[in-house]
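Colleague: I have a model open and would like to go through it with you. Can you put it on the screen?

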Amino acid sequence: MTAKLYCAERIKEVLPYRYPMLLLDRIYVESETKACGLKNISFNEEFFQGHFPGHPIMPGVLQVEAMEQVAEVASKECLDPEDKGDIYIKSLKKVKFRKPAMPGDRLFVNIEIKNASSDQVEIYAENRSNYGVTCQANMILSVRPKVHSEQMPREFNKYDKTNEIAMDVNKIMSIIPHRYPFLLVDYIVSFEGNHVIAVKNTTANEPFYHGYSPDYMVLPGAIQSEIIAQAGCVFKLSRPENKGKIAYFMSIDESEYLSPIFPGDQLRIEVDLPEGSSRFGRGEGF
């Protein structure tokens with residue numbers, strides 16, 4: 001295999017991502033199993049408006065999305081040579097956010113293909129800045145047909161917003177520092193013991209959908225992990241002993257992405273955060 005260098009224009013020819021979700025400036029495919037991407041991080045990035053005001057940090061899940069984009073270029077000929085399907089993150093394991101990636105950093109995104117078949121590719125990925133490793137992850141990419149939502153949801157359900165919900169978005173914003181475009185929980189339905197139920201209503205106006213593809217709107221997989229994490233974060237930071245603290249997403253032990261999410265879908269998030277499971281909070285959610 002001949003090594004290939006992809007500039008920004010060439011990246012857009014092979015990937016469906018567009019502003020603000022195109023997270024690579026260059027990609028170098030070294031061989032059939034190794035590739036490296038470059039992401040220059042600028043304060044002008046839209047996500048810094050909401051993550052976090054006054055303390056800008058690149059969201060960890062966007063580091064994971066950058067990994068996926070390099071891996072997608074490297075594995076495209078294996079998974080989707082005719083460019084008809086939707087390459088997506090099927091699962092994540094042992095994701096560790098080691099150091100923050102901040103404005104002014106240059107992020108080098110290195111991936112290695114460990115195993116490959118016609119329906120899935122196993123990847124080890126590592127991001128580095130001048131300060132060291134910022135993120136590590138094991139992921140599986142797969143390919144699925146491009147499908148679309150085919151039914152109208154029923155008018156209302158028991159998780160829709162009422163005057164009885166535990167928290168509206170204004171209360172949420174008084175607890176966590178996330179803001180547009182990275183506040184991804186619309187309201188908290190209930191807190192019961194260590195169990196929280198939250199809702200995220202997705203809409204075609206959101207930048208994540210516009211940044212995925214010009215002709216196919218689907219929510220990027222790693223963003224789903226952020227939604228779950230934010231619901232858990234609201235729960236933990238609402239406790240009196242954590243008042244005024246900021247929570248950081250430190251790891252994803254294991255996650256699976258089972259079906260695409262389209263504009264108009266209502267996401268119900270349920271998270272369990274047992275007491276004493278870690279220094280701050282460790283839980284499971286879907």
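Modeller: What follows is a short tour of cores, sheet, backbone and salt bridges. This is a predicted model, so local features need pLDDT of at least 70 and side-chain atom pairs count only at pLDDT 80 or more, while totals for chains, interfaces and linings use all residues. Residues are numbered from 1 along each chain as its sequence is written, and side-chain values use heavy atoms, with hydrogens and water left out.

Colleague: Start inside. How many residues are in the largest nonpolar core?

Modeller: That core has 76 residues. A nonpolar core here is a set of buried Ala, Val, Leu, Ile, Met, Phe, Trp, Tyr and Cys residues joined through side-chain atoms within 4.5 Å. Buried means under 20% relative accessible area, exposed means over 50%, and partly exposed is in between, with a 1.4 Å probe and protein chains only.

Colleague: Which residues have the most contacts inside it?

Modeller: V64, I111 and I223. Helix α2, residues 60-79, gives the most to this core, with 10 residues. Helices (H or I, at least four residues) and strands (E, at least two) are DSSP runs, numbered from the N terminus.

Colleague: What does I223 touch?

Modeller: Leaving out residues up to four places away in sequence, I223 touches V61, L62, E65, F182, L184 and F208. Contact means heavy atoms within 4.5 Å.

Colleague: I197 is in a strand, I think. Which one, and what stands opposite?

Modeller: I197 is in β9, and S190 stands opposite. Strand β8, residues 187-192, runs antiparallel to β9, and 5 bridges join them. Two strands count as paired if DSSP finds at least two bridges between them.

Colleague: What happens at the turn of that hairpin?

Modeller: There are 2 residues between the strands, and G193 takes a positive phi near 65°.

Colleague: Is β9 mostly covered or mostly open?

Modeller: Mostly covered: 6 of the 7 residues of β9 (195-201) are buried.

Colleague: What is the strand order in the whole sheet?

Modeller: The order is β8-β9-β11-β12, an open sheet of 4 strands with antiparallel pairing. β8 and β12 (284-285) stand at the edges with a single partner strand each, so one side of each has no neighbour in the sheet.

Colleague: And where do side chains point in a strand?

Modeller: In a regular strand the side chains alternate between the two faces of the sheet.

Colleague: Changing topic: backbone. Which peptide bonds are cis?

Modeller: The bond from Y19 to P20 is cis, with omega near 5°. P20 sits in the loop between α1 (8-14) and β2 (26-29). The bond from H51 to F52 is cis too, with omega near -10°, and F52 lies in the loop between β3 (34-40) and α2.

Colleague: Which residues have a positive phi although they are not glycine?

Modeller: D83 has a positive phi of about 55° and K94 one of about 50°. D83 is in the loop between α2 and β4 (86-97), whereas K94 lies in strand β4.

Colleague: Are those two buried or exposed?

Modeller: D83 counts as partly exposed at 47% relative accessibility. K94 is exposed, with a relative accessible area of 59%.

Colleague: On to charges. How many salt bridges are there?

Modeller: The count comes to 8, where a salt bridge is a side-chain nitrogen of Lys or Arg within 4 Å of a carboxyl oxygen of Asp or Glu. One of them joins E45 and K39, at 2.6 Å from N to O, and both of these residues are buried.

Colleague: What about K200 again, buried or exposed?

Modeller: K200 is buried, and so is E206. Their side chains meet in a salt bridge of 2.4 Å, N to O.

Colleague: And which partner does K84 have?

Modeller: K84 meets E82 in a salt bridge of 3.2 Å, N to O. K84 and E82 are both exposed.

Colleague: Thanks, I will look at those next.
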